[in-house]
Amino acid sequence: MNNQLNLLFSFICLLLYSFFNPSSSLPLCTDLRAPAIPQKPLAFCPYNGRVCCDSSKDLQLQKLFEGMNITDDTACSSAVKSILCSTCDQFSAELFKVKSRPRPVPVLCNSTATSENSFCSSVWDSCQNIPITNSPFAPSLKTKAGESQNSNSSLLTDFWQSKNDFCEAFGGNSDKDSLCFSGEQVLLEKNETLQPPNGMCLEKIADGAYLNMVPHPDGSNRAFFSNQPGKIWLATIPEQDSEEAMELDESSPFADLTDDVYLDARFGMMGMAFHPNFDKNGRFFASFNCDKAKSPRCAGRCACNSDVGCDPSKINSDDNKQPCQYHTVVAEFSVNGIAPNPSKAEKAKPSEVRRIFTMGLPFTANHGGQILIGPEDGYLYIMMGDGGSKGDSFNFAQNKKSLLGKIMRVDVDNIPSQEEISDLGHWGNYSVPRDNPYSQDKDLQPEIWALGLRDPWRCSFDSERPSYFICADVGQDQYEEVDIITRGGNYGWSMYEGPFRFKNASADDSMDPIFPVLGYNHSDINKEVGSAAISGGYVYRSKTDPCIYGSYLYGDLYAKNFWAAQENPYNSGNFTTRGIPFSCAHDSPLNCSSVPNSPLPALGYIFSFGQDNRKDTYILTSTGVYRVVRPSRCNYTCSKETVRAAESPGPSAPSDGHIAKPDFCLVLVLYCLLHLTSFIL
């Protein structure tokens, strides 16, 4: 009885924690781009390191400040200058609350317990009787802290009756999930001394080489797996500690797309994604390659074209193949009409519904191909490599008119007519979200979300903080990198490989690249192989191994190295990574063979990572599917580990294609509390 009550109380606490701790943001500027190190130090604003201003913006702020005509050498002058310069802070998006309602000034720190000592109070005390031309503190017609109006020289007392009114409009408190401005550059404190996990324990639950894993959108213990030739299976995943293998019938695929897929060492089915409202509309998407020499349906524009300054006739043939003989395709499929409702469907219709995206590839390498649905926006993200030429000789990744070397973001729910698609110059059946970065950078193709990547190989969203969109980018000569992808971010290739100036790159002083948060040199691993290729993973959010919880897990293709990266301070974007030992549990459901003359399990090649609806993490390799399990099963020590009963996920509530709202979480909590009361009585 006590154990059951403890489990129930734990479940309720977990729900309450989820409800009262919303998703948090990483460092972002007010235009939702990542901060960068400026080419020249800022002269007016006293900000160092990664900032949200360049010298031009710094000069604009100086002129704006001078135009306010504040009396020289006053405390008010210093305070207003700091407030103007706060837009340069690497956390300015959070300070100005740009995702909710933009403000004319940042949220000023205002402790209600000690209001006399708060920055908001000091601004009032210093400026209430100082004239300010075009004051940023003028109230808006819409809201107190909305966009300010232009005004003549004025005092704070012209707009606000008291300090309390002023700080009610502009003040706020700082906590774990929000920031406020104290008059200085935001510096987060390290919250703990992080200890690396002692090791990662795996169990093998399936044979077979799968390239992709996607949990079933209904929230159950089922997941979809696909292989490179183009087959998709629906599998049932066993409970932790059940000593059972995964249920997957190789002879009965959920979908067989092999007739459409061109298979080669570098080609095949590269990605799949299921619509967040799949339980109602039955829609899912597959990303694959086709060969126009073998399929008349493989047709589309070549990525090498006059719009990007490229002539296909001047490209030397690659592997004796003509430029754009092969295409990257994203197609939509459906299960409608197969079962009473899409969630019950065990087969999909074999014919595609529509082509979402098609583009001819100039070379046969570095074409990415993963697709993901954004957990917050419901849009489709398409990961595209630079096309494959050595050193990106055509500069596709930096060319803002090219879609190569980019991450694209498109809307597959609002599809224009064929006439509109043709007029807009789209590459398929989609529309473009209005908040894509082209709205601020007119040189960008509208589909582009981020640029400057070589070959993104496995990206993921942190399930606890969806603003953390993390991508591994395969290097060329010396460095493998992990990037946090932000709106309009430029990740440097081919001017840089990782944090280093690429040896064949010409100087480009106009570019402020976003350098990787993690990575490793080729020379540090696989010396006998002489190369490396990163496989991106997930932020581990399962309770199965509490010593890995919150770490970003990733590995190298050659399956001898895994890393666990920990962020500290929280929300800082600063990661520390360490290699993590790994082994296979002695009671693994399927036998784990070992590398000859080594204790390491013979994983073969690491193709990809996966995550199920429990948030358990999986490693998809050339020798099978492996799951991260309790560390004690491999005799690794984790002081936080507790023996727990197996938890079984059930179907989720109907979705409208977006993340669950907090009021839904509250309903769940109240529901559990009600049942707890009934149970006790």
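# Strands, helices and a loop residue

Trainee: How many bridges join strand 18 to strand 21?
Mentor: Four bridges, and strand 18 (residues 479-484) runs antiparallel to strand 21. Two strands pair if DSSP finds at least two bridges between them. Strands are DSSP runs (E, at least two residues) and helices are too (H or I, at least four), numbered from the N terminus.

Trainee: And what am I looking at, before we go on?
Mentor: This is a predicted model, where local features need pLDDT of at least 70 and side-chain atom pairs count only at pLDDT 80 or more, while totals for chains, interfaces and linings use all residues. Residues are numbered from 1 along each chain as its sequence is written, and side-chain values use heavy atoms, leaving out hydrogens and water.

Trainee: OK, what stands opposite Gly 519 in strand 21?
Mentor: That's Glu 481.

Trainee: Which side chains along strand 21 are buried?
Mentor: Leu 518 and Tyr 520, which point to one face of strand 21 (residues 518-521). Buried means under 20% relative accessible area, with a 1.4 Å probe and protein chains only.

Trainee: What about Thr 486, buried or exposed?
Mentor: Thr 486 is buried, at a relative accessible area of 4%. You'll find Thr 486 in the loop between strand 18 and strand 19 (496-497).

Trainee: What does Thr 486 touch?
Mentor: Leaving out residues up to four places away in sequence, its contacts include Leu 26, Leu 28, Trp 449, Tyr 491 and Ile 514. Contact means heavy atoms within 4.5 Å.

Trainee: New topic: at what angle do helix 3 and helix 5 pack?
Mentor: About 135°, with the axes of helix 3 (residues 75-85) and helix 5 (residues 119-127) 8 Å apart. Axes are lines fitted to C-alpha atoms, for helices over the stretch in contact, and angles run from 0 to 180 degrees between N-to-C directions. So helix 3 and helix 5 are oblique to each other; under 35 degrees counts as roughly parallel, over 145 as roughly antiparallel, 65 to 115 as roughly perpendicular, and the rest as oblique.

Trainee: Which residues in helix 3 meet helix 5?
Mentor: Ala 75, Cys 76, Ala 79, Val 80, Ser 82 and Ile 83 in helix 3 meet Phe 119, Val 123, Ser 126 and Cys 127 in helix 5.

Trainee: Last one: in what order do the four strands of the open sheet come?
Mentor: The order is 12-13-14-15, with antiparallel pairing. Strand 12 (371-373) and strand 15 (448-451) are the edge strands, each pairing on one side only. Strand 12 pairs with strand 13 (residues 380-383) over three bridges, and Ile 373 has Leu 380 as its bridge partner in strand 13.

Note on methods:
Buried means under 20% relative accessible area, exposed over 50%, partly exposed in between (1.4 Å probe, protein chains only).
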